[in-house]
Amino acid sequence: MRHISITCEQREAMLAAVGVERIEDLFCDVPPEAMLSRPLDLDEGLSEIDLVRRLRSLADANTSASSLVGFAGAGCYDHYIPSVVDHVIRRPEFFTAYTPYQPEVSQGTLQAIYEYQTMICELTGMDVANASMYDGATAFVEAALMACRLKKRSRVLVSDGVHPEWIETLETYADSGLIEVEVIDRAGSTTSHEAVASALATDAAALLVANPCFLGGIEDLETLGGLARDAGALFVVAANPILLGVVEPPGVFRADIVVGEGQPFGCPMSLGGPGLGFFACRSEHVRQMPGRVVGRTVDVDGNDAFVLTLSTREQHIRREKATSNICSNHALNALAAGVYLSAVGRDGLAQIARSCVSKAHYLRARLLETGRFSSPWEGPFGYEFALAYDGDAFEMHDRMRERGILAGVIIESDDHGDLVLFAVTEKRTRDEMDAFVAEVISL
């Protein structure tokens with residue numbers, strides 16, 4: 001769509017309608033010192049051809065992930081997206097659809113959300129899921145707030161193994177004074193059970209952990225969940241959605257709330273977003289769940305019908321009774337996730353997860369063989385792992401980047417210096433991994 005400006009006659013008619021002669025008269029109440037007294041520092045206008053050329057030159061300054069051999073993760077992953085995902089989400093009835101307040105004209109959108117919710121419940125082992133949230137970090141925060149409402153307590157414990165940006169988001173909310181956040185130390189790449197047991201001895205609403213941890217380690221959810229329950233706290237797990245295809249779901253370990261970032265399900269990395277936050281819980285907690293839930297019923301003719309069953313937002317109920325100020329879900333991204341899961345299926349998701357895990361273990365072993373990397377700790381991990389580099393990690397990263405390889409994400413560590421966090425998805429081939437190892441040896 002192109003912008004079509006108003007005509008001089010239209011501008012004069014509008015000024016006359018409001019009773020002024022010039023556009024400047026509209027700003028007569030603004031103090032002179034607040035007004036810009038010089039022309040804007042803008043370039044001359046461009047023709048459409050020149051503008052497109054200019055924008056393309058700016059875009060070319062970026063290097064797309066598709067042109068690199070990527071081993072970076074840290075919350076945003078280079079998974080393959082089946083072509084059917086883009087074809088479905090670009091259908092105009094989905095791509096331009098607004099919030100489905102009117103079920104009689106929104107059955108397709110409502111059913112798509114319902115199917116997405118069902119898949120999230122099956123993956124997480126939970127009873128009910130909402131229609132998604134903005135991203136994993138906000139879903140994580142909402143889980144903490146929900147736990148405080150349910151337990152009528154204001155203190156939450158969060159593992160230091162959770163993504164640091166998620167912890168930062170939680171602490172930002174805590175600045176309001178509504179909740180208190182205590183970060184629990186790690187023991188290696190996973191949460192310290194001793195530190196959890198000590199901290200839970202006092203009044204806590206919830207224990208929040210990530211599985212896998214930010215540095216890749218697999219948590220002992222059974223032990224951590226037991227510690228939380230013994231202290232009367234809720235157990236909140238942030239899960240990697242791809243690995244839910246092969247690991248036991250958090251529901252098996254009696255988690256109360258399960259959240260996560262759904263970007264690996266059919267959403268491109270797109271410079272870090274947008275993604276979607278998935279959010280699921282046990283049925284007894286549903287009244288305090290943020291966002292909204294689509295349910296299935298029957299219409300007057302006995303046919304299946306879909307409606308917004310639960311909407312505990314300030315737009316629907318009294319503001320003081322709302323569970324969250326989240327204004328909307330990420331419906332289009334949730335649709336992409338639903339299409340992705342439908343396309344790959346239960347067995348396909350398991351195969352993708354196994355491929356990621358086996359390739360990650362292969363690359364880790366090869367990197368350790370070079371003698372340039374060492375492991376600060378041992379233990380099970382998924383398809384992400386952290387290693388210490390013997391040398392300048394930033395220089396290594398830059399030199400690999402020049403060779404078309406995105407060599408992980410550098411993580412600053414007080415205990416082990418600069419660590420490199422690697423992620424290996426199903427897109428990476430053995431030839432690519434061997435080539436990366438050869439480049440490391442040649443440095």
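Which residues form a nonpolar patch on the surface?

1. **Surface patch.** V18, I23, L26, F27, V30 and M35 form it, with about 520 Å² of accessible area together. Areas come from the Shrake-Rupley method with a 1.4 Å probe, and for residues only the protein chains shown count as cover. Patch members have over 30% relative accessible area and no salt bridge; nonpolar side chains (Val, Leu, Ile, Met, Phe, Trp, Tyr) are joined within 5 Å, like charges within 9 Å. A salt bridge is a side-chain nitrogen of Lys or Arg within 4 Å of a carboxyl oxygen of Asp or Glu.

2. **Basis of the model.** This is a predicted model, in which local features need pLDDT of at least 70 and side-chain atom pairs count only at pLDDT 80 or more, while totals for chains, interfaces and linings use all residues. Residues are numbered from 1 along each chain as its sequence is written, and side-chain values use heavy atoms, with hydrogens and water left out.

3. F27 sits in the loop between α1 (8-18) and α2 (48-59). Helices (H or I, at least four residues) and strands (E, at least two) are DSSP runs, numbered from the N terminus. The relative accessible area of F27 is 44%, so F27 is partly exposed. The classes are buried (under 20% relative accessible area), exposed (over 50%) and partly exposed (in between), with a 1.4 Å probe and protein chains only.

4. **Two cis peptide bonds.** One joins N211 and P212, with omega about 0°. P212 belongs to the loop between β7 (206-211) and α9 (221-230). Another runs from G273 to P274, again cis, with omega near 0°. P274 is in the loop between β9 (257-261) and β10 (277-281).

5. Buried or partly exposed? S270 is partly exposed, because its relative accessible area is 40%.

6. **S132.** Here too phi is positive in a residue other than glycine, near 95°. S132 is placed in the loop between β2 (128-129) and α6 (136-151). Relative accessibility is 3%, so S132 counts as buried.

7. **H397.** This histidine is part of helix α11 (residues 393-402). Why is H397 called buried? Because its relative accessible area is 16%. Contact means heavy atoms within 4.5 Å. Neighbours within four places in sequence aside, H397 contacts L406, A407, G408 and I410.
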